[in-house]
Amino acid sequence: MARKPRLHYVGALYHVMVRGNGGQDIFADDEDRCRFYLLLHEGREKFGHRIHAFCLMDNHVHLAIQVGEKPLSRIMQHLCFRYTQWVNSRQKKVGHLFQGRYKALVVDADVYLAALVRYIHLNPVRAKIVQGPEEYQWSGHRAYIGQETLPWLTTEWVLSQFGQRTKTAMSRYCDFVQHGKKEGHRQEFHEGTSGGRILGDDSFAGRAYEKSEQCDEKAETLDEIIERVGKEYGLTETEMVAAGRQRYPAEARGMIAYLVREAAGLSLTELGRRMKRDVSTLSLAADKIMCNQIIRIKE
């Protein structure tokens, strides 16, 4: 069954949550966390989105991402795939690192962005890891208050809501965060207020769906995925479909299967008919690509 397409439009803000498979840790040490930082920076340069907030916990990650032309699915596919490659290569293991598909809510930035940034940055406080968010190294809070510089983190938009002068804005932002320390788990930041996909009122939801429908024609098709993988490997579709276990055609089919499995509105069943392979074979090929290969497909 094809995945339900995610809502996408230029300027959409998402609260993204990604967890370790089976609750396992995503980060073994600070070297892993630094690598994740590098990939966040790399992704922002590649896809042109904004990261307004983040928090790296041991077994999950929160991100506030505002997209441009490129949809969130491409951004997260790149991030999760590349980080899984790093971990599996470093630990000399295979298997899934992340738990299924990431969760993402479209958020009404005008109403919720500042509160969402605060909620994300207070995650270590709610988990009783630290007393204050400034004590936690692996979130965006320290950059917001001038204690750290992260060139890939966008702080200006939220800080501008607290004042025109940088020092004044930072001070008021600090007060705002401190006032939220007693907040517990806020279900709306995890489940949304509209069908589990949107955090906003009915009016915002209507506009979000309308904008998303206008962008639907930009979603990558199966033909486009097959074409770009074929170009990367120097193979025609006929050569990739042909029977046999030659390395490059098999590897290319695995890459196509991986991209299709992560894409919105596409299914391995559809690909199976096209490639004349059963779904289980394609799924195993996708797993192998995700776990073992270090190949960067041009986006």
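Buried means a relative accessible area under 20%, exposed means over 50%, and partly exposed lies in between (1.4 Å probe, protein chains only). By that rule phenylalanine 98 is buried, with a relative accessible area of 10%. The model is predicted, so local features need pLDDT of at least 70 and side-chain atom pairs count only at pLDDT 80 or more, while totals for chains, interfaces and linings use all residues. Residues are numbered from 1 along each chain as its sequence is written, and side-chain values use heavy atoms, with hydrogens and water left out.

**Overall build**

- The protein has 14 helices and 5 strands; these are DSSP runs numbered from the N terminus, with helices being H or I of at least four residues and strands E of at least two.
- Domain 1 covers 12–215 and domain 2 covers 220–298, with bounds that come from an automatic or database domain assignment.
- The C-alpha centres of domain 1 and domain 2 are 30 Å apart.
- For 299 residues, a compact globule would have a radius of gyration near 19 Å, and the 20 Å of this protein agrees with that. The radius is taken over C-alpha atoms, and the globule rule is 2.2 Å times the number of residues to the power 0.38.
- Along the principal axes, the C-alpha atoms fill a box of roughly 65 × 45 × 30 Å.
- Of the 299 residues, 52% count as buried.

**Record annotation**

- An unreviewed UniProt entry places the feature "domain: Transposase IS200-like" at residues 9–123. UniProt positions follow the numbering used here, feature names are shortened, and annotations may be inferred rather than shown by experiment.
- In the model, residues 9–123 are 45% helix and 23% strand, and the end C-alpha atoms of the span lie 28 Å apart.

**Salt bridges**

- The structure holds 15 salt bridges, each defined as a side-chain nitrogen of Lys or Arg within 4 Å of a carboxyl oxygen of Asp or Glu.
- One of them joins the side chains of arginine 90 and aspartate 29 at 2.8 Å, N to O. Arginine 90 lies in helix α2 (residues 72–91) and aspartate 29 in the loop between β1 (13–19) and α1 (30–47), so the pair ties together parts 61 residues apart in sequence.
- Arginine 90 counts as partly exposed, at 31% relative accessibility, and aspartate 29 also counts as partly exposed, at 28%.
- Aspartate 32 and arginine 90 form a salt bridge at 2.7 Å, N to O. This pair links distant parts of the chain, with aspartate 32 in helix α1 and arginine 90 in helix α2, 58 residues apart.
- Aspartate 32 is buried, at 1% relative accessibility.
- Asp29, Glu31, Asp32 and Arg90 are linked in a network of salt bridges.
- The side chains of glutamate 42 and arginine 82 meet in a salt bridge of 3.3 Å, N to O. Glutamate 42 is in helix α1 and arginine 82 in helix α2, so this pair too links distant parts of the chain, 40 residues apart.
- Both glutamate 42 and arginine 82 are buried.

**Aromatic pairs**

- There are 14 aromatic pairs in the structure. Rings of Phe, Tyr and Trp (its six-membered ring) pair if their centres lie within 6.5 Å; planes under 30 degrees apart count as stacked, over 60 as edge-to-face and the rest as tilted.
- Tyrosine 37 and tryptophan 138 form an edge-to-face pair, with 5.3 Å centre to centre and 70° between the planes. Tyrosine 37 lies in helix α1 and tryptophan 138 in the loop between α4 (123–126) and α5 (141–144), so the pair ties together parts 101 residues apart in sequence.
- Tyrosine 37 is buried at a relative accessible area of 10%, and tryptophan 138 is buried at 9%.
- The rings of tyrosine 83 and phenylalanine 98 have centres 6.3 Å apart and planes at 45°, so the pair is tilted. Tyrosine 83 is in helix α2 and phenylalanine 98 in the loop between α2 and β4 (103–107), 15 residues apart.
- Tyrosine 83 counts as buried, at 0% relative accessibility.
- Phe27, Phe36, Tyr83 and Phe98 form one aromatic cluster.

**Charges over rings**

- Arginine 118 lies over the face of phenylalanine 176, at 3.9 Å from the ring centre. The criterion is NZ of Lys or CZ of Arg within 6 Å of the ring centre and within 35 degrees of the ring normal.
- Arginine 126 lies over the face of tyrosine 119, at 3.7 Å from the ring centre.
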